[in-house]
Amino acid sequence: MWWGYSPALDIQLEVNKSETNCLGKCLEVLLVGAGDARHIVKTLASSYLYRDRIITYHVIEPTLEQVARSMLLLSTCLERDLGLQEATRYYLEIYGNTLVRPATAKYLIKHSNQLADIPTNTIDCPWLSLEKLKHKDKDRLEGIFKFWERAARENIPVVEYWDQRVRKALKTRYDYRDGVFDWDYHMILKSRDVSNLTVQEYRFWRNNGIAYTWLEGEPVRSNPTLLSNIIQHGPGFLHYAYLGDITNGPFFTWALEEVKDSHNKYRAADIAEQEIMRFIHEIRRKEPLCEDRIASHRDSSILNGTLVTEMPNNEMEQELWKRKRNKYGKDDLSWVDIENHKVIFHPVTSLETFKSKIEYASKFDFIWIAHNMIKQLPNLTPLLKNGAIVLVELRKYMIELREEDLENFVKELRDIAQKSALCEIGDINARKHYIARFYKY
């Protein structure tokens, strides 16, 4: 729910390498159920490699909490005044950890307070548009940001929520959970080409929801951005406990890149840190990041294979922070200039209504669809230009699925695509591929 199950893609590269699409200066992109902003981040980072093109990203997410998280993660990448390593670790911890470092929690409190003003147009955000959302959705978005600010200070017991989910899922196997996690890692993930993820990282995440750790700081504050169904109720808020993924993890979006230095063993956290650091640098500077620059941010003696496998002191986690009464003005937010890129969020009901609106007929050059949204393909086909590219996320990295489940999913996808007038680009291998490619003929 909170992250995708396939690596980030450079959208311009995907459309440029296709011979079926004649592209102009403007590129209309639709992202359905991506769960995070990873494709936008990577496309922004690599945009300096291509000729100038105006790209509009139309984004549909199932929940407003996912919209708010995408806004927060994009803003973190684009914020001008954050240090490179600072922004990288804020991004990864908010993205994939139930607990974050105190510095990250303070950033989350301050930034949530600032982002709460965007839905009400108190702060102008040049790269973002919420105009397609209903007024009640904007009000809920504002409430979600305010909840994050309050919950990060009060330190809600998100690890307890996580443990309740694990207990419910494993039942009588809970006392032997490390054995269950080891089995899933060695017998399933390793057979699906997940080379950079270590068993210690995966087991630690399965136990408590902490994916990215560094020895330079302890994760002791709760991350409320992983909570669901946040509703303002009087002076306070109602929310569900953690309802997201507890079996696969956030590792498959940023940590699958092969490293050039094959002599050393890197954690998934090291690979993800390098990737995000590189992309944030490229967004800011519009030039490649030197590998030596990445290494300079880490003590080389602890870079390779360093693992954190112990939970922090519980009393530190429960410490309350008082609210500061200062108000952050719009001058405190300074974003990198990305004038040729615009992110527009649409309500989830648009999946049904787009097809009946004339302005969206044959509008999009590129559509990316999450694995759990493939039944929407018939609704989306009328929105495609002739020759437009459609990418569908496969379920290769979902460990709860066996080989026959992966094959059945591909079979179902092919049937839906054929009925939707989509033609395959290349073959689809359920075991090897994480993306299926189609074009509209």
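Is K385 buried, partly exposed or exposed? With a relative accessibility of 30%, K385 counts as partly exposed, where buried denotes under 20% relative accessible area, exposed over 50%, and partly exposed the range in between (1.4 Å probe, protein chains only). The structure is a predicted model, in which local features need pLDDT of at least 70 and side-chain atom pairs count only at pLDDT 80 or more, whereas totals for chains, interfaces and linings use all residues. Residues are numbered from 1 along each chain as its sequence is written, and side-chain values use heavy atoms, with hydrogens and water left out.

The chain contains 15 helices and 12 strands; these are DSSP runs numbered from the N terminus, with helices being H or I of at least four residues and strands E of at least two. Of the 441 residues in the chain, 59% are buried. Contacts are defined by heavy atoms within 4.5 Å. Among those between residues at least 6 apart in sequence, 78% join residues at least 24 apart.

A total of 24 salt bridges is present in the structure, a salt bridge being a side-chain nitrogen of Lys or Arg within 4 Å of a carboxyl oxygen of Asp or Glu. K385 takes part in one of them, with D365 as its partner and the closest N and O atoms 3.0 Å apart. Because D365 lies in strand 9 (residues 364-369) and K385 in strand 10 (residues 384-393), the pair ties together parts that are 20 residues apart in sequence. D365 is buried, at 2% relative accessibility.

A further salt bridge joins the side chains of K375 and E412 (2.8 Å, N to O). This pair links distant parts of the chain, with K375 in the loop between strand 9 and helix 14 (377-380) and E412 in helix 15 (residues 403-419), 37 residues apart. K375 is exposed, its relative accessible area being 62%, while E412 is partly exposed at 30%.

Within helix 6 (residues 135-154), E149 and R153 are 4 residues apart and therefore separated by about one helical turn. Their side chains meet in a salt bridge of 2.9 Å, N to O. E149 counts as buried at 7% relative accessibility, and R153 likewise counts as buried at 10%.

The residues making the contact are I40, V41 and L44 of helix 2 together with L74, C77 and L78 of helix 3. By class, this contact comprises 6 nonpolar, no polar and no charged residues; Ala, Val, Leu, Ile, Met, Phe, Trp, Tyr, Cys and Pro count as nonpolar, Asp, Glu, Lys and Arg as charged, and the others, Gly among them, as polar.

L31 is located in strand 1 (residues 26-32) and is buried, with 3% relative accessibility. Leaving aside neighbours within four places in sequence, L31 contacts I11, I40, H58, V59, I60, F366 and W368. The C-alpha atoms of L31 and Y57 are separated by 7.2 Å, although the two residues are 26 residues apart along the chain.
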